There are 2 protein chains.
Amino acid sequence: MAEYTKVALDAMGGDYAPAEIIKGAVDAVNKRKDIRVVVVGKEDIIKAELAKYTYDKEQIEIRNASEVIETAEPPVMAIREKRDSSLVVGMNMVRQKEADALVSAGSSGAILVGGQVIVGRIKGVERPPLAPLLPTKKGFSLLIDCGANVDARPSHLVQFAKMGSIYMENVMGVKNPKVAIVNIGAEEEKGNALVKETFPMLKACPEIHFTGSIEARNIPYGDADVVVCEAFAGNIILKLYEGVGGVLVDKIKEGMMKSLRTKIGALLVKPALKETMKGFDAGEYGGAPLLGLNGLVVKTHGNSKAREVCNSIIQCVTFKEQKINEKIRDSIQKEKE
Amino acid sequence: MAEYTKVALDAMGGDYAPAEIIKGAVDAVNKRKDIRVVVVGKEDIIKAELAKYTYDKEQIEIRNASEVIETAEPPVMAIREKRDSSLVVGMNMVRQKEADALVSAGSSGAILVGGQVIVGRIKGVERPPLAPLLPTKKGFSLLIDCGANVDARPSHLVQFAKMGSIYMENVMGVKNPKVAIVNIGAEEEKGNALVKETFPMLKACPEIHFTGSIEARNIPYGDADVVVCEAFAGNIILKLYEGVGGVLVDKIKEGMMKSLRTKIGALLVKPALKETMKGFDAGEYGGAPLLGLNGLVVKTHGNSKAREVCNSIIQCVTFKEQKINEKIRDSIQKEKE
């Protein structure tokens, strides 16, 4: 492939598809000359959307796909049967090395299944983890795994730790990232069976900077850069983050609307408050990579707008440039020696 | 016992012990004539503290205990060896029916161990869960279990659901409480092995109002009254609630301190904001009961001040009046028939 990164973009997945998704593609190519986007989906719809914008026509092409996978569809069936869906067509492009990466805001389940079944795992990777970035007080941390495959084994968690470290160091630019395992106490002897078994394995792993256990309370403070856990726990962490944040913001708005006095105060604090809270918004950092695949698949939030889609596309460039998959392959290979 | 509720209070446990703990006892007896508090701990210290307040001397007595269990001590050893600690002396009072309940802000681990070893389980209860109240958008929900015993079995979770329902209905006054199991999706077929096995058992349980799965995102919105999960997950939920809340409040303060303009705005909104946020503070509702014991043990936050201690003591009255333990015994008994 050439000196640009080619990203297949699922134009039909997500709450704001196709308009915001396509706008994200236009924003990305207008920001960076080293990106080509293949917008995958219903051609006529995509054409009509693209006609609204000015951009270098060389940087965006359209690939027609007649079907759409809906969020509620059973993933395995959807991937198997909707061969001409935007997601499956995009994944096949990655499989056949026609594209370096796929970005989708569509059904998580279908993305996870498609990633494994169509794109395929790097040899030696036991389970590809979905690893979103969580906003923290200091910046962001990688939460690994939040996928759909629960009941992980210790060896899975060790691979998550390695892949997460590589990603944070090389894509996000965090030097010597601190890796911690989610636990119910700081002491090594605490935890459930899985954590107790995994802890010494992580401790013995020379390739990562393992700092021990992290209690959930300390995750938002950014005490670890790579937060390792099994997907059931990861899912709870990711979704509770959203839930508690959402309710607190609602409560604050309610408090600010109480009287004329508070409404005036709200006018004065709002812009600065918005600015501070922006640092606590995951969308700033793009989507969650599904790591350990023969290619890159990035899942952006279902409610992604153009900004997050654009950031997710740009993220793929660093992933390619830094040869993340080669690094993962080497790291997993070492394990087997 | 008489027509009052007798509560043993561990005066030596918690970040603000003994001053705030003892103030909580005084506040409780000054609010309610139907309470007697036995303040357990170093007699001279307690006497000096109590001398600061005015209260009905009949309602508070002192029980000397020469030792203190520190937070960092290994729980099993602490309970076994510190026979004259305030916690062990208080628990023995409950065991010997000298007190209806024990309230402590001390070491969670020691409280959990002592509850089981000294106070003892109700016959048929497999594992006593620790069940804190979580603030939600609508009010509060009971999170059950947050104890130290992880890797629970499905039968444990079913008992948690029953005990939690009894507590919410009779102590917290929530009619026909909605019970849900924490899961990574709404569908019955989702989840880890434990959830998949427990789900149909909860569905088949006639004594509870089971509404299915709850995703972590919806917990803060109050979609369920009794949130059932295994203790590892419960611990993550409880602590992440605190962490995300803490960081968001810090971020808001930071945003409000940015300029003169925002500082003026902050002065105008602060009182109303404080009032709204109070509804999102777990301390309002008292401590977390350790359910299923031959007596009541209530764990209040380590950082409890007088208000939470007072609320926790008052909570014990309803627990006794509503004969919660008899109800739990009946419910567990039915299971065996």
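**View 1. Six salt bridges are found across the interface of chain B and chain A.** A salt bridge here is a side-chain nitrogen of Lys or Arg within 4 Å of a carboxyl oxygen of Asp or Glu. One pair to zoom in on is K137(B) with D250(A), whose closest N and O atoms lie 2.8 Å apart. Before moving on, please note that this is a predicted model, in which local features need pLDDT of at least 70, side-chain atom pairs count only at pLDDT 80 or more, and totals for chains, interfaces and linings use all residues. Residues are numbered from 1 along each chain as its sequence is written, chains are lettered from A and ligands numbered from 1 in the order in which they are written, and side-chain values use heavy atoms, with hydrogens and water left out.

**View 2. Chain B and chain A bury about 5100 Å² between them.** Buried area is the accessible area (1.4 Å probe) that two parts lose on being put together, summed over both. Carbon and sulfur atoms give 74% of this area. On the chain B side, I184(B), F232(B) and L240(B) lose the most area to chain A, together 13% of what that side buries. Counting contacts (heavy atoms within 4.5 Å), 54 residues of chain B meet 55 residues of chain A.

**View 3. Helix 9 of chain B, residues 260-278, bends by about 50° at V269(B).** Helices (H or I, at least four residues) and strands (E, at least two) are DSSP runs, numbered from the N terminus. The bend at a residue is the angle between axes fitted to the seven residues ending there and the seven starting there.

**View 4. Which residues of helix 9 of chain B are buried?** They are T262(B), G265(B), A266(B), V269(B), A272(B), L273(B), T276(B) and M277(B). Buried means under 20% relative accessible area, exposed over 50%, and partly exposed in between (1.4 Å probe, protein chains only). The cover over these buried residues includes helix 8 (231-256) and helix 9 (260-278) of chain A, together with helix 8 (231-256) of chain B.

**View 5. Chain A is divided into domain 1 (5-125 + 292-326) and domain 2 (132-283).** These bounds come from an automatic or database domain assignment. Taken over C-alpha atoms, the centres of the two domains are 26 Å apart. In this view, 14 residues of domain 1 are in contact with twelve residues of domain 2. The area buried between the domains is about 1100 Å², with 58% from carbon and sulfur atoms, and the salt-bridge count between them is zero.

**View 6. A cis peptide bond joins A17(A) and P18(A), with omega about -5°.** P18(A) sits in the loop between strand 1 (5-10) and helix 1 (19-31) of chain A. In chain B, the peptide bond from A17(B) to P18(B) is cis, with omega near -5°, and P18(B) is in the loop between strand 1 (5-10) and helix 1 (19-31) of that chain.

**View 7. D151(A) and N176(A) have positive phi values.** D151(A), not a glycine, has phi of about 55° and lies in the loop between strand 6 (140-144) and helix 6 (154-170) of chain A. D151(A) is partly exposed, at 42% relative accessible area. For N176(A), phi is near 45°; its place is the loop between helix 6 and strand 7 (178-183) of chain A. N176(A) is partly exposed at 48% relative accessibility.

Conventions: The expected span of a helix is 1.5 Å times one less than its number of residues.
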